[in-house]
Amino acid sequence: MSPAKRPEARSGPAEVPGAPPAGDAQGVRSVQRAIEIMSLLSEERPVVSVRDIVEATGLAKTTVIRLVQTLEQNGLLWAAPNGYLPGPGLWRWAHLARSSWELPPETRKAMRDLGARRRETVNLYMLRDIYRVCVAQQESPQPLRHVVHVGDELPLWAGASSKALLRDAPDSLLRRVALSSPYGEGHVKRLREWIDEAAHQGWAVSHGEREDGLSAVAVPVIGRSGAVVAALSLSGPTVRFPDDVVREFAEDLRQVAREMSERGFDHPLSPTH
């Protein structure tokens with residue numbers, strides 16, 4: 001009698017229960033790499049070469065070439081003699097993003113009027129993971145002013161707007177914010193103190209916490225559910241933010257934020273706006 005046939009040995013790594021299929025993981029990596037390449041483009045560097053991408057990402061040249069060719073075929077990059085620049089396909093996405101995040105006319109006017117009264121930069125921030133994103137801005141008319149670009153992501157570990165935005169944040173988020181800071185996990189205690197103080201007085205202030213010489217005053221914008229959905233702020237050089245002026249700024253900000261909340265501010269995408 002011939003011996004029983006043994007089962008054939010399987011080649012390759014064993015499957016891990018709950019892990020995504022290998023093909024899915026590869027697809028996610030490719031998307032992440034493509035995003036990293038697109039992120040290299042900026043106003044300061046509107047064109048990137050294959051060499052630039054290889055040096056910045058550490059990817060193999062053949063991988064970079066394959067990715068940029070795919071991005072070019074989809075209109076997201078455009079080949080130029082000295083490298084690759086943003087492609088025409090981005091216009092459609094940029095137009096969609098702008099129209100989707102367009103604030104209601106009343107809110108834009110309120111921000112313009114606030115900026116004209118106080119002559120400091122007005123910013124509206126919203127929360128995204130461990131960052132605050134500037135979704136609207138009214139620049140100060142003064143030559144010396146604080147300006148960020150709409151769409152910029154700033155850290156949450158400091159700044160008046162962060163203290164207002166994090167009012168309802170769970171401990172797990174505060175821990176991740178602290179870990180992203182220069183101070184490590186121990187920064188959670190200071191964050192909680194800042195947040196509690198801002199919640200108690202109804203507004204937050206910062207002086208040089210993230211950038212020397214920069215101050216800001218911020219208040220929360222409350223949504224229909226009673227949760228904080230945005231932070232409205234005035235920011236500028238610290239020399240123009242003495243205590244008495246800070247209190248005036250805070251009162252003005254609170255009034256504007258209250259009007260925004262009464263109109264039902266939840267999100268720029270809200271169809272009721």
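## Start with two rings

Select Phe241 and Phe249: both are buried. This is a predicted model, so keep that in mind at every stop. Which aromatic pairs does the whole structure hold? A search of the whole structure finds two of them.

## The aromatic pairs

A pair of aromatic rings is described by the distance of the centres and the angle of the planes. Check both values as you go.

Now select Trp157 and Tyr183. They form an edge-to-face pair, with 6.0 Å centre to centre and 80 degrees between the planes. Trp157 sits in the loop between β5 (153-155) and α6 (160-165), and Tyr183 in the loop between α7 (171-179) and α8 (187-201), so the pair ties together parts that are 26 residues apart in sequence.

Is Trp157 buried or exposed? Its relative accessibility is 12%, so Trp157 counts as buried, because the cut-off is under 20%. Tyr183 has 47% relative accessibility and counts as partly exposed.

Go back to Phe241 and Phe249. These two rings also form an edge-to-face pair: 5.1 Å centre to centre, 75 degrees between the planes.

## The sheet

Switch to the cartoon view. Look for an open sheet of six strands, in the order β5-β4-β3-β8-β7-β6. The pairing is antiparallel. Which strands form the edges? They are β5 and β6 (204-207), and each pairs on one side only. Neighbouring strands of this sheet are turned by 35 degrees against each other on average, direction ignored.

Walk across part of the sheet, one pairing at a time:

- Select β3 (residues 121-128) and β8 (residues 228-237). They pair in the antiparallel sense over five bridges. Find Asn123, which stands opposite Ser233 in β8.
- Select β3 and β4. Seven bridges join these antiparallel strands. Find Tyr125, which stands opposite Cys134 in β4.
- Select β4 and β5. They pair in the antiparallel sense over three bridges. Find Arg132, which stands opposite Leu154 in β5.

Show side chains along a strand. In a regular strand the side chains alternate between the two faces of the sheet.

## Zoom in on Arg132

Select Arg132 in strand β4 (residues 131-138). Is Arg132 buried or exposed? Its relative accessible area is 5%, so Arg132 is buried.

What does its side chain reach? Display Pro155 and Ser162 next to Arg132. The side chain of Arg132 reaches the backbone oxygen of Pro155 at 3.2 Å. The Arg132 side chain also makes a polar contact with the side chain of Ser162, at 3.0 Å.

## Last stop

Select Lys163 and Trp194. Where is Lys163 placed relative to the ring of Trp194? Lys163 lies over the face of Trp194, at 4.4 Å from the ring centre.

Technical notes
Residues numbered from 1 in each chain as written. Predicted model: local features only at pLDDT ≥ 70, side-chain atom pairs only at ≥ 80, totals over all residues. Heavy atoms only, no water. Helix = DSSP H or I, 4+ residues; strand = E, 2+ residues; numbered from the N terminus. Buried < 20%, exposed > 50% of the residue type's maximum accessible area, 1.4 Å probe, protein only. Polar contact = N/O pair within 3.5 Å; in protein donor to acceptor, adjacent residues only side chain to side chain. Phe/Tyr/Trp six-rings, centres within 6.5 Å; stacked < 30°, edge-to-face > 60°. Lys NZ or Arg CZ within 6 Å of the ring centre and 35° of its normal. Pairing = 2+ DSSP bridges. Axes fitted to C-alpha atoms, helices over the stretch in contact; angles between N-to-C directions.
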